[in-house]
Amino acid sequence: MPFRPAKHGEDVRAQMGRGQSRTSQRAVDDARQRLTSSSGTRASYDFELIDEYVNSRLSGLLAVPAVVLILALLASLWVSPIAAAGWAALVIVANLVVVLLCRRFKAEPPTRFNAARWTASFVAAEAVNGICWSLLSLFPLLPAERGELFVAMFAMVLIGVAANAMLTRTLPAATLASTLPATAAVALSLLLSGSSLNWALAAVVVGGEIFFVYLARQLHASELETIEHQFEKDALINELEEAREMSDEARRHAEQANIAKSQFLATMSHELRTPLNAIIGFSEVLHSELLGPHAVPQYKEYAGDIHSSGQHLLNLINELLDLSRIEAGKYELNEEAVSLIDIAEDCRRMVEIRAKAKGIELTSSYGNNLPKLWGDERAIRQVVLNLLSNAIKFTPQSGKVHLMVTRSGDGGQLISVRDNGPGIPESEIETVLSSFGQGSLAHKSAEQGAGLGLPIVQRIMELHQGRFDLFSKLRFGTEVIATFPRARVMDALAPVVEKQPRLRIYSEAG
């Protein structure tokens, strides 16, 4: 049966592979869309451009006929009202054909969109619209004041070119189809009039066509850039969503792996403790020779080694179980009023024999009149023992270890353990404080541990809302400080006020 974390690693690699595959697929899709696009960018942009053109035409549904009617009224000052009305009717009908085509586009589902078909349809409708506008050039054939009519015709075609260019700006082919016929017809009519003024007007009309087509092209490019930015933003949002989903999936796998680890540690600690207790108990019986002396003296020494190894293994299992419970949030504090000095002194006496065996001078100093602390006695005892054991373990023979309990600067209480050992390199402090992390000194020392002591101390202090600090410098020793907050000091706690029962006084008459 494969181990769960390995499966998690395979899942992560599979997700990364899927992410790279999606990137490659997206690049191929981009190239395909550029090749099939009518705008030279992406086929998906074509829909947005045509949709914007349709929206512009629909927004001018009333404005364009109103402008055409105003122009027809002005033209009726020089030509027959019937002719002006006929021209206006043709232009309005052509515009309505374009509008009906736009409504049909809106009614069709986007999934059935065909860029080439719709572009051809709109360009053809705009060409008809442009031809209707070009009928302005026939006005000089009617009885009228020709000089003033040419000027009016010049103004009318410029207005028409400007309006059509703005409304068809996102469809360049439609812009040419709707403006070029009117421009060419009116310019030719002005040139054939034989007047130098009309020739100048014809030149202005051609220049106006060029200007408005160029302006429409610029607006088209600006609209295309806006669409590209919108698509890039949408793509980025999709990638972020995919990354979030991958992160959530990885987090779920990590949580499952953590649960599996906790279950494994809990099961193994239970399964190992039972035989270990038997090994420790029987080895202690053999070492103390309760049933009689050994025939071979080495047996007593072997029994002592078995006993000490069993104790070491049992302590390691207990530390693993404590750490797993803390990480799983199941480490509960049994809080009560405790004396930090009493706990520290008990722990000092427990490790004093080990310190003397190594020739280490173990000293202590305690603050005066320290009030009791609200905390878990067993957890605080474990903190002090871990700090003292580490200091004695890594302090060389004839070294010094000092234990201090006093008030902190903010009114809380702290435990300080300082030694004059070799110290810890600054680059290794983070490693030492991590779970199972060991510095170079631990690898060189004969007394190696599992690297769980300080991480457990950190977690216990966090559960007490306290702080743990480690200060060390090579060849100058190490100092570790566990600080409990002022809120846990008994003299800082708010007194409990019991409500007194209210006495009622009745009068004799009552």
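Me: What should I keep in mind about the model and numbering?
Reply: The model is predicted, with local features needing pLDDT of at least 70 and side-chain atom pairs counting only at pLDDT 80 or more, while totals for chains, interfaces and linings use all residues. Residues are numbered from 1 along each chain as its sequence is written, and side-chain values use heavy atoms, with hydrogens and water left out.

Me: At what angle do helix 11 and helix 14 pack?
Reply: Helix 11 (residues 377–394) and helix 14 (residues 453–463) pack at about 145°, their axes lying 9 Å apart; axes are lines fitted to C-alpha atoms over the stretch in contact, and angles run from 0 to 180 degrees between N-to-C directions. Helices here are DSSP runs of H or I with at least four residues.

Me: Which residues in helix 11 meet helix 14?
Reply: Ala379, Gln382, Val383, Asn386, Leu387 and Asn390 do, contact meaning heavy atoms within 4.5 Å.

Me: Switching topic, is Thr179 buried or exposed?
Reply: Threonine 179, in helix 7 (residues 172–192), is buried, with a relative accessible area of 1%, where buried means under 20% with a 1.4 Å probe and protein chains only.

Me: And what does its side chain reach?
Reply: The side chain of threonine 179 reaches the backbone oxygen of threonine 175 at 2.7 Å.

Me: Beyond its neighbours within four places in sequence, what is threonine 179 in contact with?
Reply: Leaving those neighbours aside, threonine 179 contacts Val161, Asn164, Ala165, Glu209 and Val213.

Note on methods. Helix = DSSP H or I, 4+ residues; strand = E, 2+ residues; numbered from the N terminus. Buried < 20%, exposed > 50% of the residue type's maximum accessible area, 1.4 Å probe, protein only. Polar contact = N/O pair within 3.5 Å; in protein donor to acceptor, adjacent residues only side chain to side chain.
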